[in-house]
Structures are given as structure tokens and as C-alpha cells.
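I opened my notebook to look up a few places in this fold. Here is what I want to go through, entry by entry.

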Amino acid sequence: MYNQILEAPFWSHEASDAVRASWRDEYEACDDFSMVLQTSQNGCRKILQKEPLSSLPHEFENEIMKDKAKKLLANYSEYRKVPGDGSCFYRSFIYSYLEQLVKVSHEEELRLLGALEPMWEKFQRLHLPGSYSDLHDPFVGFILECMEQKQKLSVSGYQEWLFQESQNEQKFANILLYLRLVTAIEICTEVETFKSYITELGQGMPDAIGYCLEEVLPVEEDAQQVNLTALTNVLQVPLRVVNIDVSPIEELNIHIIYESPDSSVPTVTLLYRPGHYDIIYEKS
């Protein structure tokens, strides 16, 4: 399963470098969590309200991409734009997941938190910089807050509450940094799984830690396919990526990153164009 995912070509730097600059804000790279948090709050934009998917084709000048966007209308109805920075994957992923919690039992939140329990011990063994609890505790607190809100609000009320919470960039900055940290811990812990696909991991764990300090933890670094695989492997949250690119293949490329044996776990579906992720919604 890992091999099939990691060998997929459509996250290649060659495909996205030309597009990435127009989506990303300027940030300063650093490997200290507190500095990363401060940097992530400069000039940040917000998650937007849903838009009808019929407006998506108008965003593309390339006719191939425009045609692929039109084909999405058969199965999808809306999409939601997220800030065009290096955290667009993490922001889209967690928002889509949290948005769907209102439709499942509270056992899902407990399952998610249980999946994260081994991370503290792994973090200690890796000697990564910063404090694990400074990021873990706000994340857990927000998941429990979501559990509380969905029990007392309607579906639409919960979704409106979540949207308003997403506008609090300081709160979401901590959540996104924690997801990056979990991704880094998984890559560093499972070096043998990932080193064949990341040349920087050739020398084992020391190189994995260096790679994560430079390529995973800084907020301006885009998520590569390895990041998606590592994070979903830990959280055990199903992830599908709908890809719009300039390849001449007419069929839509829908890439399954992780499938859960538990059908009750919400499936996150993201829209990917070179260098950027948004959230996309299937028709009811």
C-alpha cells in the first residue's frame, strides 16, 4: 500500500513549483516550535465559506484543467477555499475531518485521541526540539470541545461554530503545528518505510530528524505525498485526493491515500491542483 502511494507522480516538485509561488505567503523557515508559531501568524488568511463547484472551472486558464474541473460537477457540488500557504493540506484535512464529526458518534473522537497516545513516547525517543505537550494539549482540548459542541448544537449550528473557530488563527496555528509534529514523528519512527522514497533519509534516523526539521515542521513547507501517508497512517482517517492537473489523461485522477477498515470513520476528500489543496464536497 505504501509503495503504491509513494510512487504516484502527481505531487512532484516539477509539477507544482511554477504554481506554488502564487499560493504561498512569505514565511521565514525555522525549526523551533515557538518561532514557527509566531511566524505562522504573520499575514495569514482565513478559511472561506463554501462555494458552488460550478465556479471552479472559471479559476483555470488552461483548457485541460478547466475541462477536468467541469467533470467534477457530476459527483461533487461544492468546494471550500483555504489559505494558499504551506499549511493548506493540514488545514484542509483537519477542517474537513472536524466538519464531519457532527454526523458520527462521540466514539470517533475517542478513537482519534487513542490513535495519538503512542506519539508522546515516540517523541521522547527522537529528541526533537520543543515541547510535545504545548502542541498536543491544545489539540486534545479542541477535539473535546468539538465533541461537546456537536452534542448541544444542530448539524448546521455545529458547522457554523466550527467555521467561526477556524477564523481564530492562533488556535488553528497550534492545531496545524501539532499535525506537522505527528507527521514528523511518524517519518522519523518509520524510517525504513520512508527512506526509499526520500533521498535525505539514506543514513537512517539522524537524517530523518534533519529532514523533518527542514521539510516537515516549518510552516512554509508544502506537504509532499510522504507527509499525507505518514499523517493518515497515524490518525487512521481515510483520505481521498481529487487531482486537477495538465496531464492529457481525460479521466479524473482520484487518489486513495488511506482506507479505514472502520466505515464509521469520516472520509476526508480534498481537491488538489499543483501546489495547493482545498476541500471538496460530494453531492448528497
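My entries follow, and I note that the model is predicted.

**Entry 1: backbone angles.** I looked for positive phi values outside glycine. Histidine 127 has one, at about 60°. I found histidine 127 in the loop between α7 (119-126) and α8 (132-152). Is histidine 127 buried or exposed? Histidine 127 is exposed, because its relative accessible area is 69% and the cut-off for exposed is over 50%.

I then turned to glutamine 236. Its phi is positive too, near 60°, and it is not a glycine. Glutamine 236 sits in the loop between α13 (225-235) and β3 (239-243). I read a relative accessible area of 36% for glutamine 236, so I wrote it down as partly exposed.

**Entry 2: a serine in a helix.** I moved on to serine 166, which belongs to helix α9 (residues 155-166). Serine 166 is buried, with a relative accessible area of 1%. Which residues does serine 166 touch, leaving out those up to four places away in sequence? I listed Ile47, Tyr95 and Phe172.

**Entry 3: helix α4.** I checked which residues are buried in α4 (residues 63-71), and noted Met65, Lys66, Lys68 and Ala69. They span an arc of only 165° around the axis, so they lie on the same side of α4. I looked for what covers these buried residues, and β5 (268-273) is included.

Last, I looked at the start of α4. There, a side-chain oxygen of asparagine 62 comes within 2.9 Å of the backbone nitrogen of isoleucine 64.

How values were computed. Residues are numbered from 1 along each chain as its sequence is written. This is a predicted model: local features need pLDDT of at least 70, side-chain atom pairs count only at pLDDT 80 or more; totals for chains, interfaces and linings use all residues. Side-chain values use heavy atoms; hydrogens and water are left out. Helices (H or I, at least four residues) and strands (E, at least two) are DSSP runs, numbered from the N terminus. Buried means under 20% relative accessible area, exposed over 50%, partly exposed in between (1.4 Å probe, protein chains only). Contact means heavy atoms within 4.5 Å. The arc is that of the directions from the helix axis to the C-beta atoms. A polar contact is a pair of N or O atoms within 3.5 Å; within protein, one must be able to donate a hydrogen and the other to accept it, and residues adjacent in sequence count only if both atoms are side-chain atoms.
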